Each structure stands twice: as structure tokens, then as C-alpha cells.
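Open the model in your viewer and keep the sequence panel beside it. We will go from stop to stop, with something to select at each.

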Amino acid sequence: MSDSLQSLVNRAIFFSTEMQTRFGLRIADAEWEVDFSENPRLTFTGEHPLTLTAHLIGTEADSPRTWHWGWDNVNEFPEPVVARSHEVRRLGAARGIGELTTDEFDSDDELPLRLVLAAKELTGIWAHYPAAAGGGTVVWMLVESPELALDAPDIKSLVRSMAQGLTETTVTDHVEALQAYAEHRGFPLVMRPDGTLRVLAADGWADVTVDEQRRITNCQVHSPLEGEAAEEFAAARSAVSGEPGATSEGTVPAPAPTPAEAPAETSAPVESPVEESAEAPAAPEPVEPAPAPTAPEPVEPAPDVEQPAEDTAPAPESPAAETAPAPEPSTAAEAPAPEPQPEPRPAPVEPSAPEPAPEPADSAPRPAPEPTADRPADAPAEDAEPRKKGFFRKLFGR
């Protein structure tokens with residue numbers, strides 16, 4: 001693969017990843033049909049139908065494993081179907097990229113996706129769909145629709161797209177990829193005096209560390225936006241349009257005024273981000289709040305155990321009632337005869353010793369609601385991820 005093609009892949013990967021995520025959530029597992037007529041369309045049916053303009057870029061054959069560009073129009077599709085593919089060929093020829101100007105050549109697992117990423121960078125159309133056409137052939141299309149427009153960037157989506165994009169294909173220059181992402185997506189990217197890159201969004205920021213080979217080695221996410229980062233974000237927005245709230249339409253790779261600020265302020269954000277960065281990943285969030293609720297709650301069950309002991313004993317503490325008969329026979333053996341019949345009622349009440357047993361029983365259910373209250377937010381994501389991962393992998397062309 002030529003360096004020029006690799007550079008196009010580097011520049012397209014992060015923004016493409018975010019767009020494919022948006023596209024995948026919009027269409028889910030809907031059925032589709034394609035129409036390569038004068039008005040080429042890709043239509044998804046179902047509960048939320050979607051119609052997109054479709055552009056044939058190329059086809060991937062399974063046996064033999066080859067790639068065939070759409071501009072070599074062997075099927076004589078109408079010009080609107082292959083116009084974008086011709087654009088890729090023309091721009092590829094201007095850059096001397098042989099892979100974009102050779103009609104057919106041997107392929108592999110990653111090459112079709114990489115060629116489509118290059119086509120995205122050249123045409124500015126950021127969603128794609130690989131459609132199985134039967135016989136081991138996959139038709140790769142660029143698609144566009146106003147319904148795929150992205151919302152204003154938020155810090156977690158930006159960082160997630162970066163992390164996922166690096167797993168999709170080979171990215172040789174992470175700094176080039178991040179700078180292009182800032183240009184395409186329109187968020188401020190500040191080069192810090194210490195060599196880190198700061199990604200800024202309206203709801204937070206991320207400090208990205210890179211090594212000598214321009215590869216990302218660490219990323220610290222902070223939210224909400226405050227302190228020095230808030231000042232940098234405001235300066236970047238004003239540099240783009242002069243009006244707050246227009247970040248999504250401009251690109252600011254590295255505003256000059258912000259790095260000039262005194263580094264003394266950086267020590268404060270470094271401490272706070274460490275605590276707040278745990279909030280960014282889904283896993284750490286439940287870990288920090290968990291200790292706080294669990295400490296007070298064992299104190300509350302104590303009074304509750306005394307009061308509901310008589311009220312709730314009949315219903316929820318049925319397992320405890322079943323264990324109670326075990327000690328009763330022993331008491332019956334020690335205190336024989338007819339009088340124990342009135343005494344059995346005080347007997348369950350007198351043994352304060354069994355009350356510790358209800359305490360774990362009550363304390364156990366109380367903590368239980370907390371995990372279940374937290375898990376519904378996480379559980380669907382965990383359940384949905386495995387199911388969507390396969391679909392997204394197909395959508396990304398992997």
C-alpha cells in the first residue's frame with residue numbers, strides 16, 4: 001500500500017468510525033434494498049424506514065479475492081450510480097495513487113475498507129454500506145442522507161470513536177488522524193506546551209499523550225468542562241466564528257493563544273481529572289458511588305429490622321421462619337409439657353440471637369436494589385454490545 005493511500009486512511013478513520021456508529025444505530029438490523037437507476041437509492045424498511053442516496057464505489061469478489069472499482073462500469077449502470085467512483089479515480093490519479101486508478105487487483109481482508117476510507121476522504125461522503133450481492137460478492141457503497149447528520153460533538157463520543165477507529169484497521173500516524181478528525185468534526189484541538197494534545201468539547205476535554213512515533217499512548221478524559229480547558233474552548237470557538245455555540249461548523253487544530261497561558265494552572269486540572277476521568281469509562285463509575293450508599297444503608301436496616309421483624313416475618317422472611325422450627329424443638333425438649341404452647345409466641349420474639357440472622361437477610365436485599373438500579377443503565381449496554389458488535393463489524397466491513 002502506498003504512503004499516499006495510507007495517509008488518506010489515517011485522515012478518514014476517526015470521523016468515519018463515528019459516522020458508522022451513528023448509521024448503525026439508525027438502521028439497526030433493518031432489511032434493505034438497492035436501486036441503481038438514474039436516481040440511485042439504498043432503502044431500509046421496518047419500523048424506522050430510511051432512504052439514502054447510494055454511490056457505487058466498488059465490488060469485492062470472494063473467489064478469486066479481488067477488488068473491482070465501480071468506475072470500470074462493466075454493468076453499464078447509469079452515470080449517477082458511478083459518478084463518485086469516477087471522482088475517486090480522478091483525484092487518485094492527481095495524487096499518483098495506483099490503487100485508486102487500477103481497475104481490478106488482488107485484495108485481502110482489510111483492503112476494501114481501506115479503499116472506501118480513502119474514497120470518503122476524497123469525496124467528503126462519510127457513511128458507507130457493504131451489501132452482500134450473492135455469490136461471494138460484496139457491493140461497497142457510499143451513502144448520504146440529512147438524517148445521518150451528527151449532533152454537536154461530546155467528549156465521550158469523540159474518545160470512543162478514536163479508540164474504536166484504532167481497532168478497525170492499521171493507522172500509522174495517530175497525530176495526523178486526530179488532527180484530521182478535528183478538522184472534519186469541527187472540535188478544537190490544542191497542542192499543549194508539554195507535547196500533549198487536548199481535545200475540547202462543550203461537556204469536557206481529553207488530554208492525549210503521544211510517543212516519538214506519533215502514536216497515542218494515553219488518554220485522560222475529564223468532565224465537565226472547567227478551568228483552563230473551558231478558557232481554551234471559549235478562545236477556540238471565538239477564533240472560529242466569533243460567536244459561541246458554532247463549534248460544530250469550524251475546525252481549530254491548535255489555537256495559539258491558549259498554550260501561552262501559565263503552566264501553573266495545569267497542576268489543578270491534573271488532580272481533578274484523575275478523579276473525574278474515572279467517570280468517563282462505564283466500569284469505574286459504579287465503583288466510586290458504591291461505597292457511599294452501602295455504608296449508610298447498613299445503619300438504616302438496623303432500625304428497620306426491629307420494626308418489620310413482626311410485620312414482615314410472615315411474608316418475606318419465610319426462609320427465616322423455616323429455620324426457626326429447628327431451634328424450637330430444642331426449646332421444647334428443654335421445657336416440656338403443656339405450658340410451652342402459650343410461650344412459643346414469645347419464643348421467636350425473645351431470641352435476640354436469631355435477629356442477627358434477619359439482619360443479613362434484610363441487609364442482603366437492601367444492597368441488592370442498588371446494583372440492580374445501577375445495572376439497568378449498564379446492563380443493556382453490556383447486553384446490547386455483544387449483539388451489536390457483530391452487526392457493527394459487518395457494517396464497518398470487517
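## A tour by selection

Select Arg214 first: with a relative accessible area of 35%, this residue is partly exposed. Keep in mind that the model is predicted. Arg214 sits in the loop between β10 (204–210) and β11. Check its backbone: phi of Arg214 is near 60°, a positive value in a residue other than glycine.

Next, select Glu76. This residue is in the loop between β4 and α2. Its phi is also positive, about 55°, although Glu76 is not a glycine. Is Glu76 buried or exposed? Glu76 counts as exposed, because its relative accessibility is 70% and the cut-off for exposed is over 50%.

Move on to Val81, in helix α2 (residues 79–95). Its relative accessible area is 0%, so Val81 is buried. Which residues does Val81 touch, leaving out those up to four places away in sequence? Show Phe36, Ser37, Pro40, His55 and Leu56. Now draw a distance from Val81 to Ser37. Their C-alpha atoms are separated by 7.2 Å, though the two residues are 44 residues apart along the chain.

Two peptide bonds remain. Select Ser63 and Pro64: a cis peptide bond joins them, with omega about -5°. Pro64 lies in the loop between β3 (50–61) and β4 (66–69).

Finish at Ser223 and Pro224. A cis peptide bond joins this pair too, and omega is about 5°. Look for Pro224 in the loop between β11 (216–222) and α6 (227–240).

Conventions. Residues numbered from 1 in each chain as written. Predicted model: local features only at pLDDT ≥ 70, side-chain atom pairs only at ≥ 80, totals over all residues. Heavy atoms only, no water. Helix = DSSP H or I, 4+ residues; strand = E, 2+ residues; numbered from the N terminus. Buried < 20%, exposed > 50% of the residue type's maximum accessible area, 1.4 Å probe, protein only. Contact = heavy atoms within 4.5 Å.
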